[in-house]
Amino acid sequence: MNVRYRLISWDAAFVIGIVLYLLLQIPDRYSLIIGFITVLILTNCIRNHIAAYKLNGKIY
């Protein structure tokens, strides 16, 4: 799998997490879990984008 497609898939997972957190009416406990996982995905996205920039010199 290409690095760019992997970055895009992580970004898509982040957007899906935000949509789930904001738009679904779920109990507080599950909302907290989805919010926590979304934050973890965000940190992973940032780390992956920084690593890709250092390797390629391009911003994806």
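**Basis.** I note that this is a predicted model, in which local features need pLDDT of at least 70, side-chain atom pairs count only at pLDDT 80 or more, and totals for chains, interfaces and linings use all residues. I number residues from 1 along each chain as its sequence is written, and side-chain values use heavy atoms, with hydrogens and water left out.

**Aromatic pairs.** I searched the whole structure for aromatic pairs and recorded zero. The criterion was that rings of Phe, Tyr and Trp (its six-membered ring) pair if their centres lie within 6.5 Å; planes under 30 degrees apart count as stacked, over 60 as edge-to-face and the rest as tilted.

**Overall form.** I counted two helices and zero strands in the protein, as DSSP runs numbered from the N terminus (helices H or I, at least four residues; strands E, at least two). The radius of gyration is 14 Å, well over the 10 Å that the globule rule gives for 60 residues, so the protein is more spread out than a compact globule. That radius is taken over C-alpha atoms, and the rule is 2.2 Å times the number of residues to the power 0.38. Along the principal axes, I noted a C-alpha trace of about 45 × 15 × 15 Å.

**Surface.** The protein exposes about 5,000 Å², of which carbon and sulfur atoms supply 69%; the areas come from the Shrake-Rupley method with a 1.4 Å probe, and for residues only the protein chains shown count as cover. I found that buried residues make up 15% of the 60 residues (buried is under 20% relative accessible area, exposed over 50%, partly exposed in between; 1.4 Å probe, protein chains only).

**Helix 1.** I placed Tyr21 in helix 1 (residues 3–23); Tyr21 counts as partly exposed because its relative accessibility is 42%. Gly17 is also in helix 1, but is buried, with a relative accessible area of 7%. I noted that the C-alpha atoms of Gly17 and Thr38 are separated by 5.3 Å, although these residues lie 21 apart along the chain.
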